[in-house]
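Q: I would like to go through the terms used for this structure and ask what each one rests on. Please set each value against its cut-off.

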Amino acid sequence: MEWSEFTRRLGRELAGLDRDTILIVRERDESRHYVQAMREPDRLYAEAVSNNFLDGPLALTLADEEVMSEAGWRPPADPAPRNWWTELPAFATAADHARLAEVMVTALRDVQGVRRPSDLVYESFHRHGTGLIELLDFGIDVADPARVAERRSTSAVLAEAAVREDAPVAVPAAREEPRRRVNGSAHPDAAAVLAVAGAAPLGAPVPDAPPPPPETAPAGDLEPFLADARRRGDHGAYFDLLRGADLVLPGAGGPEEPHGFPLISIGGGTYVAVFTSPAAMSKDGVPPGPFRRTSFGELAAAWPDPSWQLAVNPGLASEVLLDAAAVARLAARQRPDAPLVPAPAPPPAPDVPVLQPPHGTRLWRVDAAEGREPAAAPVAVYDAIGGVWAPVRADVLPGSPPE
C-alpha cells in the first residue's frame, strides 16, 4: 500500500471514529513513535509524540519540529498538552478529516521516519474499555490480534451516515444504538455534536455570506439557517438564531415521560429531546405526533437532573447537544420578541476584519520567567451563547487528552 492510499484510509477511519474512542498508529518495532486521535464530545483531538517522551536518536531535531509546525501541528506546552497536537470541531467535513490524515502522515513519514505503511500497526479501543477494535478497512495490522474484542467496518458506517465531501461527517453517537427512540418514535442516528469546539486550524475558510436556505424548506422554517450556521462553524450566528427560536417538545407530557420530558439516550447519556418546529419532528413527510410548545426559560426552570443534557433537533443537520448550564445561559438571554429568522446584517467593510472566536476557544497566559521554560495556563474560554470571555480554571477544563 502506498502512502497516498494509506492517507485516504486514515482519513476515513478518523471520520468514522466513535465518541470516546482512541486510535493510535505507531511504528511496528518502535512503540515510542506514534500519532493518536480521540473523538471527544466536542472535537476530534489528535497528537504526535514530542521530545517530552523521546530521547537519544529518537528525539526530534529542530528541523523536525519546523516540519511539524509547517504541517499544522501545534507545539507542546507546559503543563499540557505534552505532545504536538491539533484538533477538528465535532461537525468537521470529510475533507477536514482527509487534511488531518495528511498532517498525521507527515509526522509519521517525514519526522518519525517510518519508511512504508506496512511498517505501521494500530490500536483502537474505547476510552473505558479493555479490548481492541479491529478496523477491517484500515489496511494495516492491528498491534495485538489476541486482544481484539470487536470488529468494525468503517466504510459501512460512513455509507450508512451518507457522508459527502461538502457536508459535516455524521458520526454514530452509539454503536449499540443504530436508531434512537423518542417516546417510541424512531429517529435516524446522526452526529453527536456539542456546540463547544475550540478553534479549528483545518478545513476550508468560512464563506463571506451564508448560502440561501434550501428551496424546499417551508417559509419561516429555522432549521436550514441553523444547519448552515453549524456547517460553517459560526457558533455566534447559531446561538443568535437559537435564542429566538420557539421550542417544541414531542409527546403530551403524560406520566410515561419522566418529569414530563421526552428522553433519548446518546452514547450512554440521557438527553431531553426538543425541536425548533413541529415540522422538524416529522420524517419523510409524515405528520408529527403530539407535541407541546416550550421555551429555554421553561426548560431551565423545570430541569430535573443536572447530569441530563439537551438535544436540539436530534437527527437533523441542525442538531446540537447542550449541557444544563448552556440551557440556563440561553434561558437568561432568550429574546421572546425576536423574529424567527432575523434579517441578515450588512456585510462588514472589506478592510475591517471581523473576528468571531468559535465557542469554547481558550485564552492562554504565557509566563516567561528568566532562566525557566515558558509556562502556559488557560485563563478564559469564549462563550458564544453570551458573547463573552468567561474566566476559567485549568482544573475545570474538558477531559485531558490521551497520553
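Q: Why is Glu-123 called buried?
A: In this predicted model, Glu-123 has a relative accessible area of 18%. Buried means under 20%, so Glu-123 counts as buried.

Q: Where is Glu-123 found, and which residues does Glu-123 touch, not counting those up to four places away in sequence?
A: Glu-123 is part of strand β5, residues 120–126. Leaving out residues up to four places away in sequence, Glu-123 touches Ile-22, Leu-23, Ile-24, Arg-26, Leu-132, Ala-143 and Arg-147. A contact here requires heavy atoms within 4.5 Å.

Q: What makes Ala-331 partly exposed?
A: The relative accessible area of Ala-331 is 21%. Ala-331 sits in helix α9.

Q: Which residues does Ala-331 touch, not counting those up to four places away in sequence?
A: With residues up to four places away in sequence set aside, Ala-331 touches Phe-296, Gly-297 and Ala-300. Ser-295 lies 36 residues from Ala-331 in sequence, with 7.7 Å between their C-alpha atoms.

Q: How do you know that helix α5 is largely enclosed by the rest of the structure?
A: Helix α5 covers residues 223–232, and eight of these ten residues are buried, so α5 is described as largely enclosed. The buried residues are Glu-223, Pro-224, Leu-226, Ala-227, Asp-228, Ala-229, Arg-230 and Arg-232. They pack against α6 (235–243) and α7 (278–281). Gly-233, with a positive phi near 75°, follows α5.

Q: Why are α2 and α3 called roughly antiparallel?
A: Helix α2 (residues 62–71) and helix α3 (residues 94–111) pack at about 170°. Angles over 145 degrees count as roughly antiparallel, and therefore the term applies to α2 and α3. Their axes are 10 Å apart.

Q: What residues make the contact, and how do they divide by type?
A: From α2 come Asp-64, Val-67, Met-68 and Ala-71, and from α3 come Arg-99, Val-103, Thr-106, Ala-107, Asp-110 and Val-111. They divide into six nonpolar, one polar and three charged.

Q: What makes β12 and β16 edge strands?
A: The open sheet has four strands in the order β12-β13-β15-β16, with mixed pairing. β12 (263–266) and β16 (320–323) each pair on one side only, and they are the edge strands. From one strand to the next, the twist averages 40°.

Q: How do you know that β12 and β13 pair?
A: Pairing requires at least two bridges. β12 and β13 (residues 269–274) have four, in the antiparallel sense. Ile-266 has Gly-269 in β13 as its bridge partner.

Q: How much of the whole protein counts as buried?
A: Of its 403 residues, 46% count as buried. The protein has nine helices and 19 strands. Its accessible surface comes to about 19500 Å², of which carbon and sulfur atoms hold 54%.

Conventions. Residues numbered from 1 in each chain as written. Predicted model: local features only at pLDDT ≥ 70, side-chain atom pairs only at ≥ 80, totals over all residues. Heavy atoms only, no water. Helix = DSSP H or I, 4+ residues; strand = E, 2+ residues; numbered from the N terminus. Axes fitted to C-alpha atoms, helices over the stretch in contact; angles between N-to-C directions. Parallel < 35°, antiparallel > 145°, perpendicular 65-115°, else oblique. Nonpolar A, V, L, I, M, F, W, Y, C, P; charged D, E, K, R; others polar. Buried < 20%, exposed > 50% of the residue type's maximum accessible area, 1.4 Å probe, protein only. Areas by Shrake-Rupley, 256 points an atom, 1.4 Å probe, with all protein chains shown as cover.
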